[in-house]
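Here is a short report on one protein chain.

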Amino acid sequence: MAALILWLVTILALLGLTSCGALVSILLKGRARTIAADVTLTAATLLFLIATLGGHFSKDFVKERQTKVMAQDFVKKSDLAANGLMEATYIDDLTPPLKVFNDVLGGHGLKTALKIAEKNVQTISDSCPDNAAVAARLAIILHMQGKDVQPVFLEYAKAGGKPDALVHSLNELYQRPVIEHSDQYIQAVQTSLSDEWYKATVLNDIYQISDKAKLTERLAARAIQSKAWAEKLAIYYAITAVMLLAAPLTVLWLRRWPNLATETLPFATSFRRSYACLIGVFMAQLIAGVIIGFILGINSALSHTKIENNLYQFSTLSSTSLAGLVSLLLMFYFFACRPKKLSIGKALTWGSVQLNAVSLTILCLGGFAATLSLNLATRMILKMLPGRAPDVPSVVQKTIIDSIFSADGGMITLLVIFACVMAPVTEELMFRGLLYGWLRSRTGVVGSIILSSLAFAAWHFDPSGFWQYFSIGMVLAAVYERTRNLYIVMAIHSLWNFWVMYMISWLVAH
């Protein structure tokens, strides 16, 4: 608690210093203004770093409250953790060459998927050891791996778990080679298990003992489902193959064109102005997140109702996204466009030649193909590295999966707007428009592409996907270098995010 209080006091002190520094820098002139601006930018940078990296001080505090106010999410999260297991069973059923291609691209079979699911559900179970639904799901995963499930039931009883029909049925099922009253077990499974993989796994175990004919019938039905899933996967890989072929053709086609850029000047020649735009976005999002959290907390306290997790995610994502976009557009206009007497629309194509609709379409689709190809190549290289852990979904990816899984229409709509509109506009203005423009005049083409791509990858705060974001940034920076048209780069970015969302939804649905 002391560390949390110190962290909060430091945040408030730096926030005050940043606000005062910004106000003073507006009032002063000359050398004094420069010093005040440097103090403001330094304080804002420290504020962002401490707010981001110091979150672990509040981890236990938040976890304790989440255990009390978000208990209804534990079962849903346990089902979500097993959502990929049905897909993994279908992957094990694949035949060459589809299986080889899937393995190269990083698809997980059931063995690996079970280990990941066990770790996730175990973490959930540690937070609520007396939750019967979570204990049952953890036991199913352990049993599927041939592990001893009795410690799960013992821990559940030790934590004060109440008698539960599903827990009792599983405990007896996994201990007895022969069972009586199988209908009673089937009813408990059908009533208490909502996720298809959990339900199918336990029913197969029951029929393995009580009704071999029914088991054969179920396995035959699963084989049909597996074949249908494999056919859809083949279509996806066929599209991917077309993209892989299209990417080098697009690069060769683009290289034959004359240089599309007529100017190489960056938007903001001053480092302070460029950096103020970048750090201003972080500040706006941080402040918006604090304000919306404060409002939700006060409302919860006054109304004596708990904060729904979906409402919290929807509110924070919408407020921080909108705050970041609005603040960036304002600063981009005042710091980058106004000094050069340009409108925002004109600045987005500053230095670019006029292109017809066909050329624009080819550039956008070709850039998307190149992005997909380089991203796949990066994944394959990383997969070959020894000892590399499986990729873990990022916070945004988990939010997408959770929203689709729970059929939250409002959150899904917001995520589409965020991923396909807000994020491309904000990130391209930041990393290609401002940062790349400033680096371009100081480090040259190669240096600016690499450095801006590294910053773009770090911005996503996803260690497992860092090099994949880096590869995406490389393509976007290269396209911008060639075209000087941020509309094209935003379109490619939007296409990529839409593709990712579509594939996540496809995997969840199938």
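## Overall make-up

What percentage of the 510 residues in the chain do buried residues make up? The figure is 45%. The model is predicted. Its secondary structure comes to 21 helices and 0 strands.

## Helices α5 and α7

Two packed helices are described by the angle between their axes and the distance between the axes. Helix α5 covers residues 83–93, and helix α7 covers residues 110–127. Their axes come within 8 Å and cross at roughly 165 degrees. Angles over 145 degrees count as roughly antiparallel, so α5 is roughly antiparallel to α7. The crossing of α5 past α7 is left-handed.

On the α5 side, the contact uses Leu85, Ala88, Thr89 and Asp92. On the α7 side, it uses Leu110, Ala113, Leu114 and Ala117. By class, the residues of this contact divide into 6 nonpolar, 1 polar and 1 charged. An α-helix has 3.6 residues a turn, so residues three or four places apart point the same way. Helix α5 is mostly covered, with 8 of its 11 residues buried. The buried residues are Asn83, Leu85, Met86, Glu87, Ala88, Thr89, Tyr90 and Ile91.

## Helices α11 and α12

How far apart are the axes of helix α11 and helix α12? The distance is 10 Å, and the packing angle is about 175 degrees. Helix α11 spans residues 182–192, and helix α12 spans residues 196–210. At that angle, α11 is roughly antiparallel to α12.

Helix α11 contributes Ser182, Tyr185, Ile186, Val189 and Gln190 to the contact. Helix α12 contributes Lys199, Val202, Leu203, Ile206, Tyr207 and Ser210. The residues of this contact divide into 7 nonpolar, 3 polar and 1 charged.

## Aromatic pairs

The structure holds 12 aromatic pairs. One of them joins phenylalanine 48 and phenylalanine 282. This pair is stacked, at 4.3 Å centre to centre with 15 degrees between the planes. Phenylalanine 48 lies in helix α2 (residues 30–53) and phenylalanine 282 in helix α14 (residues 271–303), so the pair ties together parts that are 234 residues apart in sequence. Phenylalanine 48 and phenylalanine 282 are both buried.

What is the geometry of the pair formed by phenylalanine 431 and phenylalanine 456? The ring centres are 5.7 Å apart and the planes stand at 80 degrees, so the pair is edge-to-face. Phenylalanine 431 and phenylalanine 456 are both buried. Ring pairs link Phe48, Phe282, Phe431, Phe456 and Trp459 into a cluster.

Valine 134 sits in helix α8 (residues 132–144). Its relative accessible area is 0%, so valine 134 is buried. Beyond its neighbours within four places in sequence, valine 134 is in contact with Phe74, Val75, Ser78, Val121, Ile124, Ser125 and Cys128. Its C-alpha atom is separated by 9.3 Å from that of lysine 76, 58 residues apart along the chain.

Leucine 80 belongs to helix α4 (residues 73–81). Is leucine 80 buried or exposed? The cut-off for buried is under 20% relative accessible area, so at 19% leucine 80 counts as buried. The C-alpha atoms of leucine 80 and lysine 398 are separated by 9.4 Å, while the two residues are 318 residues apart along the chain.

## Two loop residues

Where is glycine 161 placed? Glycine 161 is in the loop between α9 (150–158) and α10 (165–173). Leaving aside neighbours within four places in sequence, glycine 161 is in contact with Asp130 and Tyr156.

Arginine 484 lies in the loop between α20 (466–483) and α21 (486–509). Its phi is positive, about 55 degrees, although arginine 484 is not a glycine. Arginine 484 is buried, with a relative accessible area of 4%.

Note on methods: Residues are numbered from 1 along each chain as its sequence is written. This is a predicted model: local features need pLDDT of at least 70, side-chain atom pairs count only at pLDDT 80 or more; totals for chains, interfaces and linings use all residues. Side-chain values use heavy atoms; hydrogens and water are left out. Axes are lines fitted to C-alpha atoms, for helices over the stretch in contact, and angles run from 0 to 180 degrees between N-to-C directions. Helices (H or I, at least four residues) and strands (E, at least two) are DSSP runs, numbered from the N terminus. Angles under 35 degrees count as roughly parallel, over 145 as roughly antiparallel, 65 to 115 as roughly perpendicular and the rest as oblique. A crossing is left-handed if the near helix is turned anticlockwise from the far one by less than a right angle, and right-handed if clockwise. Contact means heavy atoms within 4.5 Å. Ala, Val, Leu, Ile, Met, Phe, Trp, Tyr, Cys and Pro count as nonpolar, Asp, Glu, Lys and Arg as charged, and the others, Gly among them, as polar. Rings of Phe, Tyr and Trp (its six-membered ring) pair if their centres lie within 6.5 Å; planes under 30 degrees apart count as stacked, over 60 as edge-to-face and the rest as tilted. Buried means under 20% relative accessible area, exposed over 50%, partly exposed in between (1.4 Å probe, protein chains only).
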